[in-house]
Amino acid sequence: MLNAKDWQHEQERLDLITEKLLSRIAELEPEVTGLSDQVRDIRKRFWEEVTVNTSTDEDFEETFYSIKQQEAVLSERERSHRQRMQRWKSMKRMLPSPYFGRIDFQEDGLSSSEQIYIGVSSFVDEDGMGFLVYDWRTPIASMYYDYSPGAASYETPGGQINGAMMLKRQYQIRDGKLQNLFDTSLTIGDELLQQVLGKGADAQMKSIVATIQKEQNAIIRNDKSRMLIVQGAAGSGKTSAALQRAAYLMYKYRDSLKADQIVLFSPNSMFNSYVSTVLPELGEENMQQTTFQEYLSYWLGSTLRLEDPFDQMEFLLTAKPTQGYEVRLKGIQYKSSEAFLKALQCYALWLGKEGMLFRGISFRDRELISAEQMKSKFYSYDSSIRLANRVVLLRDWLLKELNLLERKEQEAYWVQDELDYLDNDQYAAVYSELLKKYRREEAVFDFTEQYVEAYGEFRGKEQGEENVFDFVEQEEELLRRIIVKEHFKPLKRDVKKLMFIDVIGLYHQLFEDDAPYRKMTNETELPESWREICMLTREKLNRHELFYEDATPFLYLKELVEGARTNTEVRHIFVDEGQDYSPFQYAFLKKLFPRARMTVLGDFSQAIFAQATNLHEADSPLLRLYGEDETSLIRLVRSYRSTREIVEFTKLLLHGGEEIVPFNRSGRKPLLLKVGSGEERATRIIKDITQLKAEGFDSIAVITKTAAESHEAYEALKTKGCEGLRLITKETLTFEKGVMVIPAYLAKGVEFDAVLIYDASSQVYSRESERKLFYTACTRAMHRLLLYALGEWAPYVLELDTSLYELE
Ligand SMILES: Nc1ncnc2c1ncn2[C@@H]1O[C@H](COP(=O)(O)OP(=O)(O)OP(=O)(O)O)[C@@H](O)[C@H]1O
């Protein structure tokens, strides 16, 4: 056990490290500022230092090397400045709490053990030889997360190092003062973890480096698999593990991996703000963060109005179970499936033989090139050439045709009209623009020869009047060319953007009827109500709109026809809330980022979208995406977010199907309250919120099923005088502490001190398909969970054993 002497010894060491840090920071300070001045200075005087002389070959060579040398000096200074700056910043960040852990490790064959202190960055002794603090991401530090005292080992590039861990100690240090010390045995610091988890929710997610658990460490440091799937219970630290993993990868591959080569797909923009501080807290730059919806909209551009996933969700949650509802649901399921993906691939093959649709090119109400002409040209190419390559051939042919047509067009009447309408100033402006362009970039014009002639005439005119007539003639011809060229520019631009392909028509064509669909796609098993699905899809497309479930297939088809627009820069993709993506969307991501590794984190028990993907069962399409050998699956079953009482309650909402082990932190049982009226509920909720605030909870969410219910709840609570209440909608960009009303699907991934389920009655939650949404809402609670019902309880609550909750 720790005694006063140990404590004193540790405080002394801490003081020593703090002193060293302070002195190194002070030492670097003038250098850091001085160096940036130097770099600025060199940049400014760059050309003063090089002698530019190109008279002879030797002079030229000398100039060349002088520039090269100056460049090298500059980049060396810049690099050294960057490095020092980073060191200086990391030491400043370490100062309040230089380390959080220590292990004493004796390597096999050595006679003594080494004390290894672990912190958010490394801190090396002045002589550069010894580590005073090891970065948590170093190989040796991994033992801190993986072992209890006893036999231990770690991997290095040179092989495995074995030995014995004699001690494992944890520290809580604040502002350079030792607050607490724990020697741990079995798991790391249940005591420290208890303290960390007992705290209140924050507006921003925190890093967990001091208390990473062994199974989380396996996720963080896994760099073998192309695909890493993490199926983890609610609150098991999936998001946390993902963020520390990004930090780990940036450290391990710091020479080759930049922050913008990692992309995180998150469930919504508010979540992005919630997690955005973790990496900077760890001294790393943020990775790229986006949502799948954002990505789709970006690629779709303005061609079609895209429904957003939350509107899709709202429809599914609020629509009555009419036939239309069932058809939409069936459509979503089919369009999300691998079967549809295969159907589209077959469709693309079929298009290689027949059925391509083009859009004719028109100009001033005349068709210049018809769709039929394009089609016959397209199918005249060798059929063994890939579809997308034939599209390129057609594009080049169209550009040539347009050049010919452009030349012909110069004689058209409308050109004469435009010429007549040019006033003198416009003439002069066009002409002087012409001159400037000519001088700058002769090659811009493909009629240089004539221009030079005209230019010559112009000079002639300046010298004498004889050549005026010639010049005017030339000038008119040039102006005609310019006028037509300007008008043809958008046509050519559209051709370059492949807008002559009727992608909407191609997608539409798929949904025309039963028999053609089978023929075009080789599909044998059509979903139920296929005709109705077709009709619904066509109606939407005719309005130039796209259902959310159609967006990925539409873009996929576009890629198949036009060729893939892949991103080869991105090396790692993280997909959080991965259960909410369809197999189709995964296949699309893989195609878009062919050089990236993928980390998918999710919980099938929280699958709230109709297109959900099971992440870990044997038949999961995710396991097939990169093949078994390239795939690792890690399961997290321990839940850290909620108290044991809340976990026990929520776990049984799922019939105990998933294995979930609560972390041993106790609190009050969930409270169930039946209310007689909406007014009574509002009054009671306000009273409960006041009480919760008085107990010190400052992040409180009233969770509803839908956005519509959120509005209703917000109005009801406001009318009754609830102060400081915020309404969270899909447009909300930042996550803040306080009291809020939020629909369950937007609360995904975030957490609150207390959660109040606005209406847990069977009037609101009755469908079996909404069980997971209800579960997701309840699992957002860290310390307190309160449920209200106007009428009978939802069936999932009625099934529960009454010992799991308090009733009022
Ligand atoms: N090793 C850990 N040390 C300290 N806190 C942890 C640890 N692991 C998880 N937590 C905390 O548990 C909470 C839940 O973590 P996180 O949000 O990462 O879980 P999740 O699995 O993504 O949850 P969900 O799927 O329910 O959204 C967070 O407050 C996080 O800080």
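Analyst: Start with β1 and strand β2 (residues 114–119), which pair in the antiparallel sense over five bridges. This is a predicted model, where local features need pLDDT of at least 70, side-chain atom pairs count only at pLDDT 80 or more, and totals for chains, interfaces and linings use all residues. Residues are numbered from 1 along each chain as its sequence is written.

User: What makes β1 and β2 a pair?

Analyst: Two strands pair if DSSP finds at least two bridges between them. β1 and β2 have five bridges, so they pair. Strands themselves are DSSP runs of E, at least two residues long; helices are runs of H or I, at least four; both are numbered from the N terminus. In the hairpin of β1 and β2, six residues lie between the strands, and glycine 109 takes a positive phi near 90°.

User: How do you know that β1 (residues 101–107) also pairs with β6 (residues 159–174)?

Analyst: Count the bridges again. Seven bridges join β1 to β6, and the two run antiparallel. Phenylalanine 105 stands opposite methionine 165 in β6. Phenylalanine 105 also stands opposite glutamate 114 in β2.

User: Which strands form the open sheet, and in what order?

Analyst: Six strands form it, in the order β10-β9-β15-β16-β8-β17, with parallel pairing.

User: Why are β10 (288–290) and β17 (631–636) said to stand at the edges?

Analyst: Each has a single partner strand, so one side of each is left without a neighbour in the sheet. As for β9 (residues 262–265) and β15 (residues 572–576), four bridges pair them in the parallel sense. Isoleucine 262 has histidine 572 as its bridge partner in β15.

User: Why is alanine 233 called buried?

Analyst: A residue is buried if 20 or more other C-beta atoms lie within 10 Å of its own, exposed if 12 or fewer, and partly exposed in between, with C-beta atoms placed from the backbone. Alanine 233 has 27 C-beta neighbours inside 10 Å, so it counts as buried. Alanine 233 is found in the loop between β8 (227–232) and α7 (238–252).

User: What about serine 236: buried or exposed?

Analyst: Serine 236 has 26 other C-beta atoms within 10 Å, so it is buried. Serine 236 is found in the loop between β8 and α7.

User: Which residues does serine 236 touch?

Analyst: Contact needs C-beta atoms, placed from the backbone, within 7 Å. Not counting residues up to four places away in sequence, serine 236 touches Leu636, Val637, Arg638, Ser639 and Tyr640.

Technical notes
Two residues are in contact if their C-beta atoms, placed from the backbone, lie within 7 Å.
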